[in-house]
There are 2 protein chains.
Amino acid sequence: MMDKTAQIVVSSTKSVEDHVLEIITMMNQGTSEIEIKGYGREINKTVDIYNQLKDKLGEGIKLSETSIGSEVKDKKRISYLLLRITKAY
Amino acid sequence: MMDKTAQIVVSSTKSVEDHVLEIITMMNQGTSEIEIKGYGREINKTVDIYNQLKDKLGEGIKLSETSIGSEVKDKKRISYLLLRITKAY
Ligand SMILES: [Zn+2]
């Protein structure tokens, strides 16, 4: 079976808990690697999502990549944080 | 000469620009490695500081470590982002 990879963009309207549930559901359905990307004010939330996921899944996940940078959106430059989470087994 | 390392905690009251200036000053005074740590709402600002530093210093700095986690402060758990910046030469 091919491993599935997905990227989710952290939403300003969804809660941390909603995103955590969404990610766990994706993993249960066969996604082995998920990139979580948060822009601007959602960067905090991105870290909160990771911490809650880690609480729930413990050694079951690994933080395989962290990257930061910026992109131009609507003519404004905005910072982002990207976390790649991989199923550990 | 011993390399100097420093850690700064991102402040809710200082601007991104103030922190960037502070870090550049430290580097000019011989600090070769600086850890920038932002908690909670200051996590966004931590990424903004890095991006502005990178704009100003370009290849002169490297992001040598990124870590995320949480700590208990005033009986509440709070997420943090820690970036380690190293002078490239
Ligand atoms: Zn030295």
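**Entry 1: ground rules**

A salt bridge, as I use it here, is a side-chain nitrogen of Lys or Arg within 4 Å of a carboxyl oxygen of Asp or Glu. By that rule I find two salt bridges across the interface of chain A and chain B. I'm looking at a predicted model, where local features need pLDDT of at least 70 and side-chain atom pairs count only at pLDDT 80 or more, while totals for chains, interfaces and linings use all residues. Residues are numbered from 1 along each chain as its sequence is written, chains are lettered from A and ligands numbered from 1 in the order in which they are written, and side-chain values use heavy atoms, leaving out hydrogens and water.

**Entry 2: how the two chains relate**

**Entry 3: the interface**

Next I counted contacts (heavy atoms within 4.5 Å). I get 19 residues of chain A touching 19 residues of chain B. The buried area (the accessible area, with a 1.4 Å probe, that two parts lose on being put together, summed over both) is about 1400 Å². Carbon and sulfur atoms give 56% of that. A:N44 turns up again: with A:N51 and A:I68, A:N44 supplies 37% of the area that chain A buries against chain B, more than any other three residues.

Back to the salt bridges. In one I looked up, the side chains of A:D55 and B:R77 meet at 2.6 Å, N to O.

Which elements of chain A give two or more residues to the side that touches chain B? They are α2 (43-57), β3 (61-73) and β4 (76-87). α2(A) gives the most, with seven residues.

**Entry 4: the sheet in chain A**

Helices (H or I, at least four residues) and strands (E, at least two) are DSSP runs, numbered from the N terminus. Two strands pair if DSSP finds at least two bridges between them. In chain A, four strands form an open sheet in the order β1-β2-β4-β3, with mixed pairing. The edge strands of chain A are β1 (4-9) and β3, each pairing on one side only. β3(A) and β4(A) run antiparallel, joined by twelve bridges. I traced one partner: A:K62 pairs with A:T86 in β4(A). α2(A) packs on the sheet, touching β2 (31-39), β3 and β4 of chain A. The direction of α2(A) makes about 10° with that of β4(A) (axes are lines fitted to C-alpha atoms, for helices over the stretch in contact, and angles run from 0 to 180 degrees between N-to-C directions).

**Entry 5: a look at chain B**

Chain B has an open sheet of four strands too, in the order β1-β2-β4-β3. Here I noted that B:E65 stands opposite B:R84 in β4(B).
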